[in-house]
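Colleague: I'm new to reading models like this one. Could you take me through it in plain words?

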Amino acid sequence: MSEQRSRSEAKTDAATEVEVPKEPSMLLQKELISGHFDKLAEAHERGQKVVYTFVPGNLTELLLAFDVLPVLPEINALQAGMRKKSGAYITEAEKLGHSEDVCSYVKCDIGMARTGLGPTGKKMPPPDMLLLSYTGCFTFMKWFELLKQEFPNAEVAMLHVPYQGDGIVTAEMRDYVVKQLRTEIVPKLEKLTGKKLDEDKLKGLLERSARAEEDLVWVLESGKHHPSPIDGYFGGVFYIGPIFTAFRGTEEGEHYYKVLREEVAGRIARKEGPITPLGPLNDQRYRIVVEGPPNWTSFREFWEMFAVEGAVCVASTYTKVGGLYDFGFRHDPTRPFETLSDYCLGCYTNLNLPSRTGMIAKYVKDYQADGFIVHSVKSCNSFSAGQLLMLREIEKRTGVPGGFIESDLVDPRYFSAANVKNRLESYFQMIEQRRRGGVGAASEVSP
Amino acid sequence: MSVEAFECFVGIDLGSTTTKAVVIDAAGTILGRGITNSRSNYDLACEIARSEAFVDAQMSRLRSALEADPVLAAHAKVLGPSLERSFRHRQHLRQLATLRRSCLGLSGETEALRAALTAILDEMQVLAERMFSGLAGADAKKSEFFRDIAGAQFQKLAEGKAEPKKLPYEDIVGVFDKAILKVENEPDDLTFEGNAREALDRTLDRYGKQGVEIRAQALAALDDLLAHPPVTRCSVGTGYGRARLPFPKAQIRSEILCHGLGAHAMFPGTRTVLDIGGQDTKAIQVDGDGIVTGFQMNDRCAAGCGRYLGYIADEMNLGLHELGPLAELSTRRVRISSTCTVFAGAELRDRLALGEKREDILAGLHRAIILRAMSILARSGGVMDEFTFTGGVANNPAAVRALRDLIAENYGERRLNISPSSIFTGALGAALFALRDAQTADAAAGEAAGADTFQEAQA
Ligand code: SF4
């Protein structure tokens, strides 16, 4: 049975090469990411240090200022999921004793770490340092504790980012993070690389970040157009790829967002929708805001369930896990440490429920959405706790109906296509029915 | 619309265990219902349910025609049911004949087994005559499937025929289990048009002197009805297997919408609907027009759905419909937490081994199912007034009692609606959508026509 499964998985693996539709920016993005994996494979041979760190609260500019290469374990896990390899890695981790209830990113990553390979099949260098930037999710800490067991030689540095329990960032919170950056993180990186921090280099990187962020926000906000030229969730995960990973502050990163912006501007001018797995989505029947990460193992199938109904995702919260740029934040090269602190404090994972609720309600209004869907993933306690409460509250505030679907990030056992499809279909039909005012009043018959 | 034809609208609900069809007229009145537990293929199941619903519809039209006739009205109460019985009698006999053929085909060379089967089936034939004799109390319930009626009879008779060493009970019953599938998967070509005249004749014959007096008039009423055959204007499909229905996408509606609208049609005060079907449990909130405002359903795990009770029934060697009444006898409910379908059997055996009584275990199982439904209800936004319970499990008295108790505990006073034909809720909703679709199309056509004239007037 398992043999059979891996064979069929291998088959689909080849198919993943054509799995997602290609726009020029997507090809470019793919090139960037796979180039990064290539660079990583040879990093140690070149004498370059490798630091593992998380997407939310990542300090990419700081790492790049030290010429260190970042590795993002969640990205590896989701890439493995899209390539249909995660199932086997998760099984591997469960054999090691990790419970079914542990976040599947973690298990996928641990299983993968044992192979010494990354998601593209290239060699994955062990970490020289585990830089834990702790933003909101407790699992982050446990995850790195496990990685420390896997890689006992890795240095560990921890940045503790206070949770926005009251929905605001105070000066004390910022100072606290800045202090850690100066007294803990930078000295450790200096020790690791044997170099002093070059502040001018850091400022240069932050400057480029800010320009790319400007373009990214322009692209994400283009979802306000009718028709929307982008899919701000399924397409969005590609758009955020470079800036959330190793390319913030780089020339390639900046270039990517220019190309992307031009591409989207072209679609706006031509009044075209985004390209989906089913082709261009020009006839948009439902404008939807989505909360929660996508399912990666059936990413294409999941997207198709929206596209086939003519549903376009105009905005999403997942595309903000690595930064809430559309609420005004930009990296500020004049205050490097303060800006990095603000960045970490403002990540979506670090927000409390009222802030998240307010944010989604605002998206629904600003993007003139017909509805919003909560995709609740079994893995992620940080995201999933309270989602039903949020749903009710957003419905109340906006008057548009919320939909609720459940699956997982990269554990293929938790994606029940029939169940998800059934709920989505019902949800879209519900919007349609409400729009038409029920297609005439209901006729009443006796029981 | 042709003057000759009688326009009607059909809803089909292709469920995981049964397929239901409802036929309504242009006013939204239910004319007929059909249901089958055939599961061999969706097209066939759909066809069986539809044709049954049409027979039922024609029957009810005939009843109305009789009632409307000044002379026949006085006899409608006798003729209607008797005609219906006559139809069902025929259907039963046909199914029995198929069962016999298929049992004997499966019995192999063993003489003793063949003899036992023949004897059992002969006795069932006798029972069939008695069942449809029209004597009070002897009538078979309409809601029961042939499988359940015949199964119960067969098992009882088989007990008498079995002999410990030579002819084990299991061998005899084993043949039935296979043979019944054949019966269920054979299309039923018992049409109203082809059989009504003969059935009415027979009924009138048995009606004695009065039958002679009204014969001409009754047959004329039937002929008139047959001259205006029902024509399906529009069909809408729904249910678990809806994607497999031979309908275009525009004619498919999600079961959530259909259940919401169907429940509203049955009980206009409905605000919350709970549907526990074979494969899933749904909690639906609707507004005053039956429009769905929110819903929740079970996740990929089907624990606590109707199938669970099915497993329990199999495990206890009981018919599904016997579970509830047995649980009602409980005096000391056993606490059961798991509603996992896969472990249902193991859980049950454990409890029995501990010496618990069957009825007490069953009462616990019913409560466990409803507890799970309660959590889905809570997620959907709670239980509003009025509250309508639908789906196969709504026919189960123990489930209803557990639900009533838990609603009162958690939400206070709520009016609980359960229609005796609740299993048809989804199909009814689908039929109403079919009607609305037709009305929308008519309105659009009217508007287009209106626009033309307007333009012409302008020019
Ligand atoms: S639990 Fe959620 S936020 Fe935490 S690591 Fe897993 S996916 Fe990320």
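Here is a short chat about the two chains and one residue.

Modeller: This is a predicted model, so local features need pLDDT of at least 70 and side-chain atom pairs count only at pLDDT 80 or more, while totals for chains, interfaces and linings use all residues. Residues are numbered from 1 along each chain as its sequence is written, chains are lettered from A and ligands numbered from 1 in the order in which they are written, and side-chain values use heavy atoms, with hydrogens and water left out.

Colleague: How many helices and strands does chain A have?

Modeller: Helices (H or I, at least four residues) and strands (E, at least two) are DSSP runs, numbered from the N terminus. Counted that way, chain A comes to 19 helices and 10 strands.

Colleague: Why is chain A called as compact as a globular protein of that length?

Modeller: The radius of gyration is taken over C-alpha atoms, and the globule rule is 2.2 Å times the number of residues to the power 0.38. For 447 residues the rule gives 22 Å, and chain A is close to that, so it counts as compact, with a radius of gyration of 22 Å.

Colleague: And what radius of gyration does chain B have?

Modeller: Chain B has 459 residues, and a compact globule of that length would be near 23 Å. The chain agrees with that, at 25 Å.

Colleague: What share of the residues in chain B is buried?

Modeller: Buried means under 20% relative accessible area, exposed over 50%, and partly exposed in between (1.4 Å probe, protein chains only). Of the 459 residues in chain B, the buried share is 53%.

Colleague: Let's zoom in. Is His89(B) buried or exposed?

Modeller: His89(B) sits in helix 2 of chain B, which runs over residues 76-106. Its relative accessible area is 13%, so His89(B) is buried.

Colleague: Which residues is His89(B) in contact with, leaving aside its neighbours within four places in sequence?

Modeller: Contact means heavy atoms within 4.5 Å. With those neighbours set aside, the list for His89(B) reads Ala128(B), Glu129(B) and Phe132(B).

Colleague: Which side chain makes a polar contact with the side chain of His89(B)?

Modeller: A polar contact is a pair of N or O atoms within 3.5 Å; within protein, one must be able to donate a hydrogen and the other to accept it, and residues adjacent in sequence count only if both atoms are side-chain atoms. For the side chain of His89(B), the pair is at 3.2 Å, and the partner is the side chain of Glu129(B).
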